[in-house]
Amino acid sequence: MTDDSSTTGGGGRQSLPDSYFHDMYRSSDDPWGFATRWYERRKYALTLAALSSPRYGSAFEPGCSIGVLSAELATRTDHLLCTDVSPRAVELARRRLDGHDSVDVRVGDIVSDWPSGRFDLIVLSEVLYYLDDADLDAVIARLPDSLTPTGEVLAVHWRWRVEEYPRTGDEVHDALRSSPLHPSASYSDTDFCIDVMSSSSTGSVAQREGLVSAEPAHGTA
Ligand SMILES: C[S@@+](CC[C@H](N)C(=O)[O-])C[C@H]1O[C@@H](n2cnc3c(N)ncnc32)[C@H](O)[C@@H]1O
């Protein structure tokens with residue numbers, strides 16, 4: 001999805017064109033209020049708390065916007081790759097992340113510029129509902145081969161319907177939950193949902209820390 005004449009999609013609504021986001025950043029340097037709203041601060045706190053490890057080697061955050069969540073992720077990762085289709089967002093994210101030598105921020109499309117290699121963490125925050133069926137399927141299909149053996153995907157999306165978006169956050173998470181990844185945690189409230197999935201069943205945090213040795217009697221997440 002690099003121009004406004006994208007024809008991907010199998011009959012449903014098309015991915016939002018890049019121009020939609022260029023226009024948003026033309027009207028504001030923080031169109032969603034990421035740096036100012038309590039809503040966002042709370043959502044970021046829950047997002048970061050849902051990660052099962054204190055620290056990750058390599059991480060990828062497509063659709064990073066102006067880098068507010070990226071700045072938090074930078075403190076928990078050895079190397080963080082952030083991309084966004086908006087050159088203005090990338091410029092603002094680079095400014096915010098100045099001084100974090102381990103962070104690389106680039107202009108890039110989540111579908112056509114998906115990086116090669118494997119990551120310990122992939123964060124999909126408020127970016128998948130812009131994609132049409134074919135683009136969403138393409139991203140979800142890439143996830144297993146883009147993770148290290150203990151790698152983790154965290155997805156978080158707004159649940160309210162937005163007229164212009166091809167799908168809702170719940171539809172995104174339903175699609176993710178039917179992928180071959182192992183579910184490890186989920187959170188949902190009226191506004192947003194979070195799912196954490198891993199490439200293999202690596203056990204719960206308590207199991208990994210040796211707090212328990214038995215299989216959970218209550219089932220897994
Ligand atoms: C709602 S913001 C999410 C920001 C950030 N992930 C967060 O949660 O703080 C969505 C961002 O995704 C970017 N975006 C939209 N479609 C994209 C695509 N196909 N590839 C990469 N970035 C995209 C937009 O430019 C925008 O900055």
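A: Gladly. Let us begin with helix α2, which gives the largest share of the lining of the largest pocket, 4 residues. Helices (H or I, at least four residues) are DSSP runs numbered from the N terminus, as are strands (E, at least two). This is a predicted model, where local features need pLDDT of at least 70 and side-chain atom pairs pLDDT 80 or more, while totals for chains, interfaces and linings use all residues. Residues are numbered from 1 along each chain as its sequence is written, and side-chain values use heavy atoms, without hydrogens and water.

Q: How is a pocket found, and which residues lie nearest the centre of the largest pocket?

A: Rolling a probe the size of a water molecule over the atoms shows where empty space is left. On a 1 Å grid over the protein atoms alone, a pocket is an open set of points with protein on both sides within 12 Å along at least five of seven lines, and lining residues have an atom within 4 Å of a point. Here 35 residues line the largest pocket, with W32, F34, S125, E126 and Y130 nearest its centre. Elements giving two or more residues to this lining are α1 (18–27), α2 (38–50), β1 (56–62), α3 (68–74) and β2 (77–84).

Q: Where does the ligand sit?

A: A molecule sits in a pocket if more than half of its atoms lie within 2 Å of the grid points. The ligand sits in the largest pocket. Around the ligand are 19 residues (a heavy atom within 4 Å), and Y25, Y44, G63, D84 and S125 come nearest.

Q: What lines the largest cavity?

A: In a cavity, a 1.4 Å probe fits but cannot get out. The largest cavity holds about 30 Å³ of space and is lined by S52, E152, S184, S198, T202, G203 and R208.

Conventions. Grid points are joined across faces, edges and corners, and a volume is the space filled by probe spheres set on the points.
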